[in-house]
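Trainee: I'm new to this one. Could you take me through a single part of it up close, the strands and whatever lies across them?

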Amino acid sequence: VRILLVGGGAREHALAWRIARSPSLTKLWVAPGNYGTARIAANLGVGSSVDTLVQAARDVRADLVVVGPEAPLADGLVDALSEFGIPAFGPTRAAAQLESSKSFARQIIREANAPGPEFAVFTDESEALEYLRLNPGPRVVKADGLAAGKGVVAADAVRASMSARAFGDAGATVLLEERLEGREVSVFAFCDGERLSPLVAACDYKRLEDGDLGPNTGGMGSYSPPEFWTPELSGEVERTIMRPVIEAMASRGTPYRGVLYAGLMLTVDGPKILEFNCRFGDPETQVLMPRLASDPLPAMLACAEGRLDPNSVAWDDRRCVGVVMASGGYPDRFATGKAIEGLDEFDARDTLVFCAGVAEGPGGGPVTSGGRVLTVVGEGNSLPEARERAYSRLAGITFHGAHRRTDIAAVGARVNA
């Protein structure tokens, strides 16, 4: 199978690493890719527009396009590829509204009778502010559209979202939601529009500093599987959330194909949906791909063609812990071009390194080129063992101004509490 993988972050490096190990693979291209993907695939230095990516897929005669980021899905890349008979692992533009429009997602959740927070949708700022005045309990304000992983802000951000357009056009419509309390977990399943693979779960750390302090980021680390993720909980989430939502999407004539990512809160009343994403998560993918025991390519192609055998997807029991190394100053202003030492091997001694903001420097060596630079993953038979291996490997990788959390997967550490 000839594969074009779209994206250039650590998520895509992790996907490329796992796809490259598939016996079904003939050739792998990544657009645009990064320093890490260039070591295992052919990077294509192309733009991110739908037309450009479709042409790239045609040029390399891809048998399947695997889409990493959410933006191309929301822009209709899968629809455009289908016009040329090219299958894609990812939802159509209509199905991707589960992520690109939070108001659409809440409508689907309501139709599916799936558990979630109470919510109200507003396009008028004065009405939204009046609702807050009449409902003074804790509320979460969410911009309706894509906000690059930073859509959840404090309740006083209604004006910033709607008047100042802090999130651009994504903030023209806002959702005011009941604030849920509990443990947060990310849940994933392969979907072909009707059928679901076995679920897999991970926990991520969104805050910059230890103890879940500091600003929100795109994610500073993750681990899988969570210690509380039991077969009983997995069955409940599939029965009450994942399957009803897939059925609701199909009944609308917009079957969901690809990977479905549900962000859940485990409340005293049971699991409730915080949000849906229409792709693998970052940094969760970095700890999930090492656990994927089955060949990803037949399953991805079967999802794209609506013929998934759920038993063809298997996850092993190993524990994985991923720690993000970020540039100093992230998520605000940060410097780039800092030489990275210790990146001689990506896959060694029960550890992996997945690149994000890493580029080739003037001398050919790796330098920083973004806010989140790389993710170091440790594998083990227990979380403490995996955690020790991740931090031990991380200690050998350095660049000026590097920042990381020290409490990823630590016993008693708060995770998005």
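Mentor: Here's a walk through the sheets, strand by strand, with the helices that go with them.

Keep in mind that this is a predicted model. Let's begin with the sheet whose pairing is parallel: it is open and built from 5 strands, in the order β3-β2-β1-β4-β5. The edges belong to β3 (42–43) and β5 (88–89); each has a single partner strand, so one side of each has no neighbour in the sheet. Now look at β1, residues 2–7, next to β4, residues 64–67: these two run parallel and are joined over 4 bridges. Helix α2, residues 50–59, lies across β1, β4 and β2 (27–32), and its direction is at about 160° to β1.

Now for the antiparallel pairing. Here 9 strands make an open sheet, and the order reads β16-β15-β10-β11-β14-β17-β22-β19-β18. At the edges you'll find β16 (270–277) and β18 (347–348), each with a single partner strand, so one side of each is left without a neighbour in the sheet. Further in along that order, β17 (residues 319–326) pairs with β22 (residues 372–380) in the antiparallel sense, over 8 bridges. Look for Ala 326 there: it stands opposite Arg 372 in β22. This sheet has a helix across it as well: α1, residues 10–20, lies over β18, β22 and β19 (351–355), running at about 125° to β19.

Note on methods:
Residues are numbered from 1 along each chain as its sequence is written. This is a predicted model: local features need pLDDT of at least 70, side-chain atom pairs count only at pLDDT 80 or more; totals for chains, interfaces and linings use all residues. Side-chain values use heavy atoms; hydrogens and water are left out. Two strands pair if DSSP finds at least two bridges between them. Contact means heavy atoms within 4.5 Å. Axes are lines fitted to C-alpha atoms, for helices over the stretch in contact, and angles run from 0 to 180 degrees between N-to-C directions.
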